[in-house]
Amino acid sequence: MKAGIVGLPNVGKSTLFNCLSNAKAQSANFPFCTIEPNIGVVNVPDPRLQKLEELVNPERVLPATVEIVDIAGLVKGASKGEGLGNQFLANIRETDAILHVLRCFDNDNIVHVDGNVNPIRDKETIDMELQLKDLETADKKLEKVKRAAKTGNKEAQKEEAVLLKIKQNLEAGISVRALEFSEEDYEEFVKPSQFITDKPVMYVCNVDEGAATTGNAYVDKVREAVKDENAEVLVLAVGTEADINELDDYEERQMFLADIGLDEPGSAKLIRSAYKLLKQQTYFTAGVKEVRAWTVNIGATGPQAAGVIHTDFEKGFIRAEVIAYNDFVEFGSEAKVKEAGKMRVEGKNYIVKDGDVMHFLFNV
Ligand SMILES: Nc1nc2c(ncn2[C@@H]2O[C@H](COP(=O)(O)OP(=O)(O)OP(=O)(O)O)[C@@H](O)[C@H]2O)c(=O)[nH]1
Ligand SMILES: [Mg+2]
């Protein structure tokens, strides 16, 4: 599962990528600095891990990770191949969620491809290119399904109706994620088409450091423009955070963050939000060798969670011993949780909850 950083050229995407990951992407004050996508595996900050570490005192601690991809900037006409648009759109299609970066800072020295700062227009430019690309996908599919629908094939007729609905909405500037479908229609006809505008999205407003906690007038406009989208809007002083991230010393970083009014980097919040956007959650294993956060899909079963560690664990799954994170912390150790009768034994149909501390029993 990976989240892609998307936006116009030169709005701070690679700078954001550098705030998030230690894989240094090239960032510079000219459009199309990035061509090939930069991929980073980013630790998901989770204070629960520190707590478990205190209690268990393991040899090592491993956080959950999420993959972030820094993609080249899109411009108007990208869907028609402008600015290597088709290649960049293909990069976006390969991601599972979109972090849409909007420039919300003034600075005459930083080039804006469309001449002036206007995040609402920028958002519409990007949305339109993504929608046009999806329209192409819908049209191609429609072409294929049409004949079968004409000959009376019921499935084809259903698919045709779904695709027509998508097409009409895209033509009206409405993204696929905003549409409602029955669950069967969605699973059968919408999901397999991998429409770009069906991917979950969040907006990252890149502001200057004075606005890191408060936002600014541009951010207010963005919030207003997306209020019906049910999408998160995050305010981040990307440039400043990238500079702070360069410092080696933790105390020093905290001091500079405090200066702009933050007690943790905005990028930490962003990573957690991206993780949620990808519909991921965390369970823990807590042994003396290793305390570790593992990533599973929300809704995963016990065996699927075990399978994240090793496929043999999934195949040979017998049962799981499960302790809720809060119980683990309240009683202080696995033994004490057991004594208190708070450890549960769960079978194959158990649906994993965020924060479960798990131990798997299996056959090989
Ligand atoms: N003042 C200011 N400058 C910024 C900020 N974020 C990025 N920049 C500058 O803007 C320029 C472009 O940043 P990049 O991160 O390379 O932009 P990009 O979106 O990756 O651009 P492309 O790869 O060309 O699409 C660089 O000179 C950055 O230093 C910010 O928050 N404030
Ligand atoms: Mg870039």
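Okay, one term before we start: when I say two residues are in contact, I mean they have heavy atoms within 4.5 Å of each other. And keep in mind that this is a predicted model.

With that, take T15. T15 sits in helix 1. Setting aside neighbours within four places in sequence, T15 is in contact with S27, V238, G239 and A242.

Go back to K13, also in helix 1. Is K13 buried or exposed? Its relative accessible area is 6%, so K13 counts as buried. If we skip residues up to four places away in sequence, K13 touches I5, V6, G7 and L8, then D70, I71, A72 and G73, and also V101. Both K13 and T15 fall under a "binding site" annotation in UniProt, from an unreviewed entry, which covers N10, V11, G12, K13, S14 and T15.

Which residues coordinate the magnesium ion, ligand 2? S14 does, through OG, and T34 does, through OG1, at 2.0 to 2.1 Å. S14 belongs to helix 1, residues 13–20, while T34 is in the loop between helix 1 and strand 2 (38–43), so this pair ties together parts that are 20 residues apart in sequence. S14 and T34 are both buried.

Now the cysteines. I went looking for disulfides, and the count is 0. C19, for instance, is in no disulfide: the nearest cysteine sulfur belongs to C205 and is 15 Å away. C19 is buried, at 6% relative accessibility. What about C205 itself, where is its closest cysteine sulfur? That one is in C104, 3.9 Å away, which is too far for a bond, since the cut-off for a disulfide is 2.5 Å. C205 is buried as well, at 0% relative accessibility.

Next, helix 5, residues 154–171. With 18 residues at 1.5 Å a residue, helix 5 should span 26 Å, and its end C-alpha atoms are 26 Å apart, so the two agree.

Which residues of helix 5 are buried? They are A156, E159, V162, L163, I166, K167, N169 and L170. You'll see steps of three and four in there. An α-helix has 3.6 residues a turn, so residues three or four places apart point the same way. The cover over those buried residues of helix 5 includes helix 4 (119–150) and helix 6 (183–190).

Last stop, the stretch that UniProt, again in an unreviewed entry, annotates as "domain: TGS", residues 279–362. Over residues 279–362 the chain is 31% helix and 37% strand, with the end C-alpha atoms 27 Å apart.

The residue I'd like to show you there is T282, in strand 8, residues 280–286. T282 has a relative accessible area of 2%, so T282 is buried. Its side chain makes a polar contact of 2.7 Å with the side chain of Y275. Beyond residues up to four places away in sequence, the residues that T282 touches include D46, R48 and A64, along with A293, W294 and the run K353, D354, G355 and D356.

That's my tour, thanks.

How values were computed
Residues are numbered from 1 along each chain as its sequence is written. Chains are lettered from A and ligands numbered from 1 in the order in which they are written. This is a predicted model: local features need pLDDT of at least 70, side-chain atom pairs count only at pLDDT 80 or more; totals for chains, interfaces and linings use all residues. Side-chain values use heavy atoms; hydrogens and water are left out. Donors are N, O and S atoms within 2.8 Å of the metal (3.2 Å for Na, K and Ca); water is not among the atoms, so sites may look incomplete. Helices (H or I, at least four residues) and strands (E, at least two) are DSSP runs, numbered from the N terminus. Buried means under 20% relative accessible area, exposed over 50%, partly exposed in between (1.4 Å probe, protein chains only). UniProt positions are given in the numbering used here, feature names are shortened, and annotations may be inferred rather than shown by experiment. The expected span of a helix is 1.5 Å times one less than its number of residues. A polar contact is a pair of N or O atoms within 3.5 Å; within protein, one must be able to donate a hydrogen and the other to accept it, and residues adjacent in sequence count only if both atoms are side-chain atoms.
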